[in-house]
Amino acid sequence: MFDRQALREGASVTLLFAVPPTLVARFVLDNRDDSSGWAPLLSLIAVFGFVLGSGVAAWRQTARRPMTHAVAAGAGVFIVVQAVFLVLRVATGGEVRVMRILTSFSLALVASVIGGLLGNFLQKNGVRPR
């Protein structure tokens with residue numbers, strides 16, 4: 001059903017490009033009182049990471065299910081990373097913002113769908129992964 005290698009590759013790319021800006025935004029910028037322009041930029045970089053990683057999963061899959069692979073890679077990484085963040089927030093006595101998590105999840109899903117469309121486009125137009 002799933003091409004596990006494609007999921008691993010897509011999740012790895014997502015982790016590489018989406019998680020570091022999210023870490024900086026959550027643990028550095030969230031703990032400051034002053035508002036800066038870095039948070040929106042870091043959020044855009046994280047969304048780009050989800051598009052890129054999901055696109056890789058969709059492009060590399062061989063099971064003829066690019067959108068399923070894209071969404072599974074993006075949502076899977078988001079859920080695992082958010083679970084870790086949630087445990088750390090609770091353990092340190094931090095505030096858990098449920099609406100922020102739900103909003104971020106919806107953005108990750110939209111980015112995953114866009115990545116899936118791009119990966120599918122590459123696959124259908126003759127650009128084959130090695």
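Predicted model: local features only at pLDDT ≥ 70, side-chain atom pairs only at ≥ 80, totals over all residues.
Me: Which residues are the closest to the centre of the largest pocket?

Reply: Look for Thr22, Arg26, Ser43, Ala46 and Ser104. They belong to a lining of 24 residues.

Me: Which elements give two or more residues to that lining?

Reply: There are four entries to find: α1 (4-29), α2 (38-60), α3 (66-91) and α4 (98-124). The most comes from α1, with seven residues.

Me: How does the lining of the largest pocket divide by class?

Reply: Count 16 nonpolar residues, five polar and three charged.

Me: Now the helices. How do I read a packed pair, and at what angle do α2 and α3 cross?

Reply: Two packed helices are described by the angle between their axes and the distance between the axes. Here the axes of α2 and α3 cross at roughly 140 degrees. They come within 7 Å.

Me: Why are α2 and α3 called oblique to each other?

Reply: Antiparallel needs an angle over 145 degrees. The α2 and α3 axes cross at roughly 140 degrees, so the two helices count as oblique.

Me: Is the crossing left-handed or right-handed?

Reply: α2 passes α3 in a right-handed crossing.

Me: Which residues make the contact?

Reply: From α2, take Phe50, Ser54, Ala57 and Ala58. From α3, take Pro66, His69, Ala70, Ala73, Gly74 and Phe78. By class, this contact has seven nonpolar residues, three polar and no charged.

Notes: Residues numbered from 1 in each chain as written. Heavy atoms only, no water. 1 Å grid on protein atoms, 1.4 Å probe; cavity = no way out; pocket = protein on both sides within 12 Å on 5 of 7 lines; lining within 4 Å. Nonpolar A, V, L, I, M, F, W, Y, C, P; charged D, E, K, R; others polar. Axes fitted to C-alpha atoms, helices over the stretch in contact; angles between N-to-C directions. Parallel < 35°, antiparallel > 145°, perpendicular 65-115°, else oblique. Left-handed = near helix turned anticlockwise from the far one by under 90°. Contact = heavy atoms within 4.5 Å.
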